[in-house]
Amino acid sequence: MISLKNLTKVYGHGEQSLTVLDNLDVDVANGEILAIVGPSGAGKSTLAQCINLLERPTSGQVIVNGEDLAQLPERKLRVARRRIGTVFQSASLLSRRTAAENIALPLQYLGVTPAETKARVGELLERVGLSHRANHYPFELSGGQLQRVGIARALALRPAVLLSDEATSGLDPETTRSVVSLLRQLRDDLDLAVVFITHEMDTVLHVADSAARLENGRITEQGSLVDLLTDHDSALGRALQPHLSPAEPEAGSSLWHVTYDSRKVPSDWLQLVSAELGEPVALLAATIQSIDGTSTGNATVGLRAPAHLATAAFARHGLRAIPGELAIANAALDHSSDTRATEDLQWA
Ligand SMILES: Nc1ncnc2c1ncn2[C@@H]1O[C@H](COP(=O)(O)OP(=O)(O)OP(=O)(O)O)[C@@H](O)[C@H]1O
């Protein structure tokens with residue numbers, strides 16, 4: 001478990017000072033992946049460096065398994081830092097060492113015997129699915145394989161916390177999916193608390209149990225993925241939903257945007273709403289996913305029924321429906337009055 005309490009980082013002094021992290025409170029339990037998202041300049045890299053204590057926070061606590069690492073003197077910090085394994089954007093492996101030798105590095109620095117190191121490296125290679133690439137050099141490995149070696153190296157000293165600092169950024173979608181599924185596997189097998197820092201909103205839905213939004217050095221929203229996705233007031237929840245390009249509605253019918261507003265939306269809601277309205281409801285676009293066993297998502301539909309009947313029929317099944325023009329007008333309003341919406345659009 002890792003807890004950040006009142007974490008603050010200020011660069012510079014006096015009039016030149018810049019508060020980059022402002023009183024952050026974040027908890028990540030064992031077996032949980034928390035995604036921290038935010039636009040460029042929000043403070044994500046600084047936060048990563050404060051979590052693994054490469055930068056000392058100006059004030060506040062970084063508590064791992066009950067101990068505040070931020071207060072430790074340098075000598076003790078060197079040891080305590082082992083509790084946090086970090087995976088960086090580019091795996092940053094030593095080019096003249098094989099995959100196995102790169103993974104062995106942290107163990108060698110610690111003076112672990114060659115026999116123990118060999119056994120541990122073998123275990124780690126197997127865990128990340130790379131036993132067959134043990135003796136390959138970085139230039140012989142794909143982007144996804146390099147990240148797997150980076151993950152294995154981060155796990156070498158059996159950390160309690162795995163910090164992923166843009167570890168999937170720049171990877172193609174399929175490779176991202178495979179790295180993400182490895183992280184989820186490790187979360188479960190090793191009961192790790194995983195902090196997944198990213199600017200890629202698309203990945204969050206696939207990897208995280210919970211998400212927090214960092215903006216101008218502050219956490220502006222955080223919660224479980226399901227809570228965020230089913231809260232129509234959540235800017236982060238909206239930004240997490242994939243964008244849809246709906247088909248044209250039939251002439252004479254109007255377009256509605258439908259979001260899952262409850263944890264108990266029946267899977268056959270389209271038929272149920274059609275039956276209640278006594279007319280077909282056309283599905284024009286939809287994205288629905290299961291998060292921790294709860295269905296969430298949004299859809300665009302076309303129908304002819306009067307607005308008040310349609311709204312009520314959707315609401316009875318835990319869905320929130322907004323007429324197309326109104327939804328577009330709301331989005332425009334968000335866009336002009338709320339910078340968060342602007343950035344949501346950029347991330348999506
Ligand atoms: N060592 C430093 N000294 C002074 N200011 C810094 C330092 N490091 C970062 N900053 C400032 O802190 C702010 C946040 O930077 P940071 O790199 O943490 O953001 P970020 O969210 O990671 O951005 P990006 O996604 O573009 O990498 C920026 O205004 C940056 O200029």
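The legends below describe close-up views of a predicted model. Residues are numbered from 1 along each chain as its sequence is written. Because the model is predicted, local features need pLDDT of at least 70 and side-chain atom pairs count only at pLDDT 80 or more, while totals for chains, interfaces and linings use all residues.

**View 1. An open sheet of four strands has the order E2-E1-E4-E5, with antiparallel pairing.** Helices (H or I, at least four residues) and strands (E, at least two) are DSSP runs numbered from the N terminus, and two strands pair if DSSP finds at least two bridges between them. Strand E2 (18–28) and strand E5 (67–68) stand at the edges, each with a single partner strand, so one side of each has no neighbour in the sheet. Helix H1 (residues 44–51) packs on this sheet, where it touches E1, E2 and strand E4 (59–64), and its direction makes about 60° with that of E2. Contact here means that the C-beta atoms of two residues, placed from the backbone, lie within 7 Å; axes are lines fitted to C-alpha atoms, for helices over the stretch in contact, and angles run from 0 to 180 degrees between N-to-C directions. Strand E1 (residues 2–11) is joined to E2 by seven bridges in the antiparallel sense, and the bridge partner of Ser3 in E2 is Asp27.

**View 2. Strand E6 (residues 84–87) is covered on both faces.** Ile84 and Thr86 on one side, and Gly85 and Val87 on the other, are all buried, where buried means that 20 or more other C-beta atoms lie within 10 Å of the residue's own (exposed: 12 or fewer; partly exposed: in between), with C-beta atoms placed from the backbone. E6 pairs with strand E7 (residues 161–165) in the parallel sense over four bridges, and Thr86 stands opposite Leu163 in E7.

**View 3. Helix H3 (residues 99–110) and helix H5 (residues 143–155) have axes that come within 7 Å and cross at roughly 25°.** The two helices are therefore roughly parallel to each other, a term used for angles under 35 degrees, with over 145 counted as roughly antiparallel, 65 to 115 as roughly perpendicular and the rest as oblique. In H3, Ala99, Asn102, Ile103, Leu105 and Pro106 meet Val149, Ala152 and Arg153 in H5. By class, this contact has six nonpolar, one polar and one charged residues, where Ala, Val, Leu, Ile, Met, Phe, Trp, Tyr, Cys and Pro count as nonpolar, Asp, Glu, Lys and Arg as charged, and the others, Gly among them, as polar.

**View 4. Four strands form an open sheet in the order E12-E13-E11-E14, with antiparallel pairing.** The edge strands are strand E12 (282–291) and E14, each of which pairs on one side only. E12 is joined to E13 by nine bridges, and Ala286 stands opposite Ala299 in E13. Helix H11 (residues 307–315) packs on the sheet, touching E11, E13 and E14, and its direction makes about 155° with that of E14.

**View 5. Strand E11 (residues 254–260) is mostly covered, with six of its seven residues buried.** Six bridges join E11 to strand E13 (residues 294–303) in the antiparallel sense, and Thr259 stands opposite Asn298 in E13. Five bridges join E11 to strand E14 (residues 319–323), again antiparallel, and there the bridge partner of His257 is Ile322.
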